Amino acid sequence: MIDFLILSILLSLLVASIMIVFSEDLSHSVITYMGFGLGSTLLYFLFSAPDVALTEAVIGAGISSTVYLVALLQTSVHES
Amino acid sequence: MSLLLFILLPLLAIFLMPFYRAYLHYVSTVLSMALFGLALTCKAALPLVERVAVDLPLAITFELSSVSWLLVTLFTLSMSLFSLYHLRFSSNKALFVGTNMLLVGVIGLVLSRDIFNIYIFFEISSISAYLLTSLNQDAKAYGGAIRYMIIGAFASLFFLLSIMLIYLTIGVLDLQMIAQRFNLIDEQVQYLILLSLFIALGIKTELFGLNFWVPDVYQASRSAVSGLFSAMLSKSYLFLLFHLAYLLHVSTSQMAFLTLVAALTFAVAEFSALKSRETKRIFAFSTLGQIGLIALALSYGDTALTEAALFLIIVHALAKLMLFLALDLLERRLGSTKSEIFARFESLFLMAVFTVGALSLLGIPPFAGFAAKLSLLKGLAGLEAYGAMALILTVSLIEAAYLFRLLSGFRQGEQKMVVTLSPLERLIFGVMMFALLLLGLMPQPLLALCQEAAQAMLGGYHAAL
Amino acid sequence: MFDSLHPLITMISLAIFGVALLGVLVKKNLFKIFLAFSVAESALFLFFIGNHYTPGLKAPIAADGITRFDPAFMVDPLPQAMILTTIVIGIAVSALGLSMVIRYYKLTGHMRIDKMDELGEEQ
Amino acid sequence: MLHFEATLLGHLFFGLSLLVIVALLRKNDGLWHLLLLGSLGIIFYASSLVTLFIGWEMMGWSGYFILSKTARVSTLQRYILFNLGGAFALLGAIALLFSFMGSMMLCDIDLTLLPVWALHSVSALVLIAVFVKSGIIGAHDWVVDSYQEASPLFSAVLSAILSKAGIYLFIVLLLKQPHDERVLFELMAWLGAITSVVATFKAISQDEIKRLLAYSSIAQLGYIITALSLMQAYALEAALYHTVIHTLVKLLLFVNVAAIMAITGKERFSELGGLLYRVPLLFVLLVIGIIALAGMPLLGGFNGKFLLYTALLEEKRALLLATVMFSSASAFLYCYKLVYGIYLGQRPHDESPLHVSPKSYYIPQLLSAALLILLGFLPALPTPLFSAIGVEAGFSALEFTKPSILNSPFGSFNGAVLMSAFGVVFVLILGLLQRVHSKAKAAQNAQDISYCGEVPKAGVNLHFGYGMGHELGRIGFIAFILRRQSRRFWDYLNLIVGDLSILLRSLYALGTQHILLLSLLGFTLLLLGGL
Amino acid sequence: MNLKRTLRVETLLVALLVSVTTLVLMQILLNLHLAGHSLGDEILHINAASTQSANAVTSVVTYFRGLDTLGEVSILFLSIFGVALHMPRGSKNLFSYHNTLLYIGVSILFPLMLLFGVYVILHGHLSPGGGFQGGVIIAGAFLLRFLTYGDHYELKERVVSLSESLSGAGFIVLGLLGLLVGDRIFTQILPLGTLGELLSGGVIELIYIFVGLKVSAEISLLAEHFVKAHNV
């Protein structure tokens, strides 16, 4: 059961990474990246690494979001 | 007495920065000179080994062997000279943080014997280098810094990969223990680890194929900062790369590959400098060339050559720091680093500084570079590596062409600006010139130290061959 | 149902790593490049932590009735500590990088890596 | 690092250097000249290869800094690159020697211990250094420009002393060759001879005085190189003798020319002429100089050539002898040009005022003229020293009975007698000239002195010296020689290296992602290759 | 997606290279033989005896590899110093909503988050979390204030820099005290206590407090500089 959970999260992370890298709209990338962070948080938790999971979670919520979103606001949303 | 003082003291000084914001240049000077003094007092007690908090296998080990002592002394000395040079300017927070963190990083790189700890210092030195590159805060500086950062991030990915593989397959982080168990693991994985380490450290060591970003970064930074990069940053990685290579007993063919890469680094960089018109880029190319030369010597894993390489590291660091500091002085007065500026100033003292620096780089007697080049050639002759000898001598001629082209700029130009130096600047440059001359005339004491250091650095590598 | 999870974790995290690497190499937007680096790092973390996990092993924390530390039923704490440190370093680097990109954008009006031509022989 | 030893050879060379540099010492360049003297001292008294090399390099760069006050950048670059090229070749030879001898001391060097390939490599590398310093054809490119653009007095130092360092180097390092491995030295002999021929004709066709002297210097060194390559007692004697004579002669000539340039401010034959009656003493000194230079049987200049011919005859090298004699005879032409172009003929029309030459110009000239005359009277005077050096080098001692008689297996001559006769004739001719002067009248137009079918143009100063050498271009093989320029080769090389540099430099202009791509490509290829 | 633009030849070639690299890496790493016995096992064995910390990860982070954590904190400091340098603080806040509901919500949430952050820090040796995570949570509280309070709210620079500086110095001094009191740097100098209690783990607690303080100050500063970015 847990294997399936891990596998599905991993696969969705793969899809997310493709979207992050290849989406033309930077805001999509950033939002997907946050989802990526959430997915990896879950994975770390499943891997019995709650410390890492907590770190990833607070970073995703506290730092990454601010940094990337503000960077987007300050620059340009579109890729080119 | 603890080796960690070399790291903790500058860190403490950085953290306590809010208490003496206006006096940072003094603090930096006193600190680096104190560390230099501390390093000198350690000489008697070599080799020092210190384990942090607990015992092996868990502890992070720090080791001050003869070779790391030599480098730590060099770094603290360079830093002292750098801060002395900056005493004249007002207290600058960014410069203080950047340079002292860089010092922490490079000292950590040569002292630490724990692969993950080395990664931490790898990042400290890289990030402070990015910060220092962007110090000028114009498009040029940011262009260079971002470029540097992207390449640095790439390098750190590979470093991480190799650390992870090491821990996954060997289960330890201490270098000595890694070395003991390294050949027990799967050969493919061994090779992958070595290769990732080579890519990561090769980028930082600025070896050929991985060094195409270097001139841009040097150009983007302030000249004095480029001097620090040249004197400290690249040297610490050179040490690390070859320390790991010797420790992990890389095979003869892999060492031969390093020899090839080093020779290419040397030759291609020196050739590229020939037609350049931007002094910072020229010096950057020259740094690359010298790094190639040092790496070439180290890649033979021979005591005499390693001794020569260590001597060359010291001499080159001094000469390059001096040249870059003098260039910084000119850049501040004349606002440019194009090679034309050599025709636009008038100062006998600065001309002497540039001349001595260039002659020393070239390895022309009676300056210190000659003693280094001679021992290098002697070592190569001892190994019957005649091809390398021919390469060094031929490429040196190219080096001569562009360095003397710079020097010949002195006598052109009509409207010259008189550049006067403060007594302190005269003292700094005077001491460095004198050191280069003295090391050229009497290299034996330092060579003896280098020989001791070479034996420490090679460790048991010879036995493996 | 699988012999072990490790091959799957390895394959997929390496695939993510590859995708991110591709992004680093072909994407021209600096912002994208830094994002891709973050993803690549995350992929390495997943690979590392995942390979140290065996189903059934608990977190290395003595709580909820577990009072004894034993490698037989606890996962290795060291990789977790390492990754914790590395995550922080990663985000620190990203923040610094993005601040530089923002400043660069304000100075030049673009953030395309192929248009960064301030440096070089002619400048 | 520095090891010294006093040898006769060192005394000889250092004595010459001391003579020249002290004679030419001036206040404004004093420090550099003393540094130069110091470096020469290091070279000539060095007892280890390292010491010798240190002196060698110091000589190179102190010369550079003296030269940099007057010369153009391209000339400076040429000077330093050729010299460093020679020096690095020497360094390579030293390292190679060290790898076989295990010692850096000169006394430990034994060329017979080297394997053949190493012997050839060492010899070739040292020869490169020697050839560059002496300006053997092909490596002479820097010589002419540097001599021309150096300050007049420094040209004298360059020609009289610095060019001799190569000779010293050869004697110290290569003279004791094993007998059966001398292929390279056959080449060297011919290179020397060809150099003397080519440089002689080049000299004749020059318009600038200092360029003429530079080529003449190259030609003279060609003789010395030929002599040295024979590795034989008489030849060494000849080389050393010629070295001494050439030093004295070039000191005299360059200072003479310097004086002329100080007086008139001109440095081309086409702008000079008719100075005989303005500065008669300079004229007399110059005549002494060129007689010695041309190797006419008087005034010491002949003595070196005499010994060289003897050596060539002893070795039965007829063809070489013929070549040397041919160039020696041709040398009369440029000597003639030197005298006529400056002193004889008619003052040019645009006569600018003459400055008074400082007295200090006369001292070195008088000194070397006196020495030349002394050697003319007593040709065998220095031979005991040379023989002793020869013995040091392992050759059999040569016997010279009386200082005034220079003897050889093929004959001898008495310098004292010859010089006395010559002195009488010389005074007679001088008197005659004085007589003629009172009857001379100025030519009204250019037609008065033009013949040989040349069509003079108005405003061109025509006299025998001017344009001399042009006609050589019509003689087949000489024209061939004159048309060849090694400069083209070096310029081409420079161009190629420059282009290569720009090509390689473009690597460092790669975009960030391309750099990463290359790294990744390298990683993947190495990974695939290593598995 | 514009396929033509995305799928250029260059891109395809790079993709080929990357996939080759990835496949080769996979081929090697799929056959990885993990180390049978690793450093972590060693740590688990001696953790109870040497630290009395219930969270083995925490003991590694603060005690066994405390130096790495110091380095990590320095790196964070360094990069946030860089951020502050490159993005000087302006007076204008990017987020000025003046939303009363948000305002009230944040007023309630702020102390709770602070409390939670302190809890996470103090229980770092007992449960998942610790100085870093707690510090970020505290900084998150301040971030919320930045998002709601608009231009008026700003951090007291002196307080932030002092807490940052003193906590960093405290960490180092704690390490140096180990040299004075014990025999080596970063060693245990306090009584270990009993496993599972709040006051256990010796210096671990103290180190995490310092780290938490430092991280919270730094991340708050980072948030402020990003939110109130000066328009250059």
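This is a predicted model: local features need pLDDT of at least 70, side-chain atom pairs count only at pLDDT 80 or more; totals for chains, interfaces and linings use all residues.
Local features require pLDDT of at least 70 and side-chain atom pairs count only at pLDDT 80 or more, whereas totals for chains, interfaces and linings use all residues. Residues are numbered from 1 along each chain as its sequence is written, and chains are lettered from A in the order in which they are written.

Chain E is assigned domain 1 (1–34) and domain 2 (52–227), with bounds that come from an automatic or database domain assignment. The C-alpha centres of these domains of chain E are 40 Å apart.

Chain E contacts chain B through 40 residues on the side of chain E and 40 residues of chain B, two residues being in contact if their C-beta atoms, placed from the backbone, lie within 7 Å. On the side of chain E that touches chain B, two or more residues come from each of α3 (39–50), α4 (56–64), α5 (66–86) and α8 (157–181) of chain E; helices are DSSP runs (H or I, at least four residues) numbered from the N terminus. The most, 13 residues, is given by α5(E). This side comprises 20 nonpolar, 15 polar and five charged residues, where Ala, Val, Leu, Ile, Met, Phe, Trp, Tyr, Cys and Pro count as nonpolar, Asp, Glu, Lys and Arg as charged, and the others, Gly among them, as polar.

The contact between chains E and C takes 45 residues from chain E and 39 residues from chain C. At least two residues of this side of chain E are supplied by each of α2 (9–29), α3, α4 and α5 of chain E, and the largest share, 10 residues, comes from α5(E). By class, 27 are nonpolar, 14 polar and four charged.

Chain A does not touch chain B, their nearest C-alpha atoms being 15 Å apart. Chain A and chain D likewise do not touch, with nearest C-alpha atoms 15 Å apart.
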